[in-house]
Amino acid sequence: MSADKDIVAAVQMALAERIGQHRYELWFGAETQLEYQENSLIIRTPNPFFQDWIAANFRGDLEACCQAVLGFCPNLRFEAATKDSPVLSGRAVSQGRRRTSGQKGGLGASENPKGGLLPLFKEEAQEATSFCLQQKEPDCGAPSREQKNIIHGHRPSASEDLSKSSEVLPESRIAFTPGQTSETVMRSDPIGLPSSLGSCGGRRFADFESFITGPSNQLARSAAEMVVASPGTVSPLVICGPTGVGKTHLLEAICTAVRRRHPRLVTVYLSAEQFTSFYIEALRGSGLPNFRRKYRAVDVLVIDDVQFLAGKRGTQVELLYTIDALQQTGRQLVFAASDPPRELRDLLPDLMVRLDSGVVCRIAPPEYETRLRLVAQYARRIGFQLPEDVCQFVASQFRQHAWELSGAVCRLHAAFCATGEKLTVEFARRVLADMLATRQQVLQLADIRKAVCEVFQIDPAGLCGRGKQRQLSYPRMLAMWLARKYTRAALSEIGQFFGGRSHSTVLSAQKQVDRWLRQGRSLRLSGSLWNPEEAIRQVEKYLRVG
C-alpha cells in the first residue's frame, strides 16, 4: 500500500511539472484523486464534466508521466463521483465563504441552508415581471445593489473608427467631451425570471431548455451548467467554435440561469464590440475610473466575440486588468470566440494566457442527429409542420451551422405559404436549389494533399511516396481518411494517388484513424504530439470545410 502511494505521489509530481502548477491545481487539486491498484491508475473526478475533460485533454500527459515513473503505461480508469457526492469540493466551498464573508451578495448567497447547492434547473421558475428601463449611467459608474443582474443587450453604434481609435493614448493627448452614455438595462425582481425567454427592447435571451445538445456541444453544455451551479469554480470559461454552432446561445443561457438561480449576483453580458465602445467613450468623456468601477464590481462577466479585439491593444490591456481584478476575488468570467485563445491572431500574449488558463470548450459543427432536432425545433417555433422526410433532407444537406438550417426552414415556410404545394423532398430541393448550389464544395485529392502537407510541414513527394516511416505514414492515413470524407474519389483512385496503394490499404487507413478518434491517443506528427481530433480539425480549417 505504501508503494502504491509513493507511485501516486511520483506521478502527481511529474504531472504538475509537465502541465504547470496552475493547470494541475485546477484539474488535479482537491477535486480529483489518483489511486494505483493492480497495474491500473484510477482517476476519480468530482463529476462527469471533469471526467470527460481530463480524459480528453490529459490522457497523453498521464500516460507520459506513468511511463517516466513506472517504465510502462498502466491501464487508465476514469471514474466520476456518484450522485450522493457533494457538488462542491472543499476548495470551492472555501472560495464561496471567502466571497460571502467580506462582500454582500457573494457567490454563496444562494446556497441551500441545509447544506450544498440547490439543484440545478429542478425548481420551478416563479413568475416575475421583467421590464425595460432607460437610465443614464450614474456618475460613480458602479452598479448599485438596487439594480441587480444588469444585462446589456443593445449594440451601440460608434461614430469613430474603432480599429483606429482603440489604442491607449496618453491622457494629456485625449480630447474629452462632456456627456454620459445611456444604456438599456433589463432587470427583474430577486425572485427570478419567468420560464419564458427574457426580452428587452426586442433583445431576447435564450435559455438551456431551448439548447439542442449533441456530441458536438456536450462538453460546452456541461461546463456552462457547472458555471451556473457554482459561479467562480470554473473561471474563466471560454467557448469557441465557428459561426452558428451555439456559442451566443450558451452565453445567454448562462446569464438567464444565473439570474434565476442566484438573483443576488450582478451579471453583465456584452459583446467585445460593446466593451471596446464603452472603453473608448470612457477615454473621451466619462472617465476611466468610472468604467473600471463598473465592470470590476460585477459577479459574473460574460463577453461574446472576443476575436473582435484582435489588434486593439488598448482595449486588450484594459480587459486583461479587468480579468485580473475579477479573478482575484473569485468572480466568474465567461467568454466566447471563433477560435481557441492560442489561435486568435493579434492577441496580447498575457491576455491569451489568462483566457487559456481556465476551461476552453470547443463546439464543432452539429452532427446529423443534432441538425435533425434543430430543423424540427425551428419548424415548431414558427408553427410549421414539416414531414419527416423533408426534415431529414434539410438536415443532410446543410452541415455547417444552425443559420443554414434556420434559413432553409424559413424559405420552405415562405414558399409553402405562397404556393400551397405539397411538402415533398422534390419541392424542398427545388425551393432550396440556390442555397444548395452555393454551399456545395467538391474537393480534389490534390486539395487534401496540399492541406495535410501545409499543416504538418511534409514534402508532398514524401506523403505520396512509398516511405513507411511514422512521420509520413500517419499523415498519409489522415489524408486518406479525409479523402474518403470530402472527395468523390473511389478507393482505388485514392490509393493510387497516395503512392500507388491498393483499395484495401485505404480501408485499413480509414479504420485506423477511426480507432485513433475513439481512443483519443496522442500521435506524433511533425515532431510534436497531436490529438487526432485536433489534427483533423486543423486540416479541415485549412480546407475551410470543418
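Me: Which residue stands opposite Ser40 in E2?

Reply: Gln37 does. Strands (E, at least two residues) and helices (H or I, at least four) are DSSP runs, numbered from the N terminus. Before we go on, this is a predicted model, where local features need pLDDT of at least 70, side-chain atom pairs count only at pLDDT 80 or more, and totals for chains, interfaces and linings use all residues. Residues are numbered from 1 along each chain as its sequence is written, and side-chain values use heavy atoms, with hydrogens and water left out.

Me: In what sense do E1 and E2 pair?

Reply: Two strands pair if DSSP finds at least two bridges between them. Here E1 and strand E2 (residues 40–45) are antiparallel, over 5 bridges.

Me: What is the strand order of the open sheet?

Reply: The order is E1-E2-E3, with mixed pairing. Strand E1 (33–37) and strand E3 (75–80) are the edge strands, each pairing on one side only.

Me: Now the helix: which residues of H22 are buried?

Reply: Buried means under 20% relative accessible area, exposed over 50%, and partly exposed in between (1.4 Å probe, protein chains only). In H22, Val506, Ala509, Val513 and Trp516 are buried. Looking down the axis of H22, these buried residues fall within an arc of 80°, so they line one face of the helix; the arc is that of the directions from the helix axis to the C-beta atoms.

Me: Which exposed residues does the face of H22 turned away from its buried side carry?

Reply: Lys511 and Arg518 are the exposed residues there. After H22 comes Gly520, with a positive phi near 70°.
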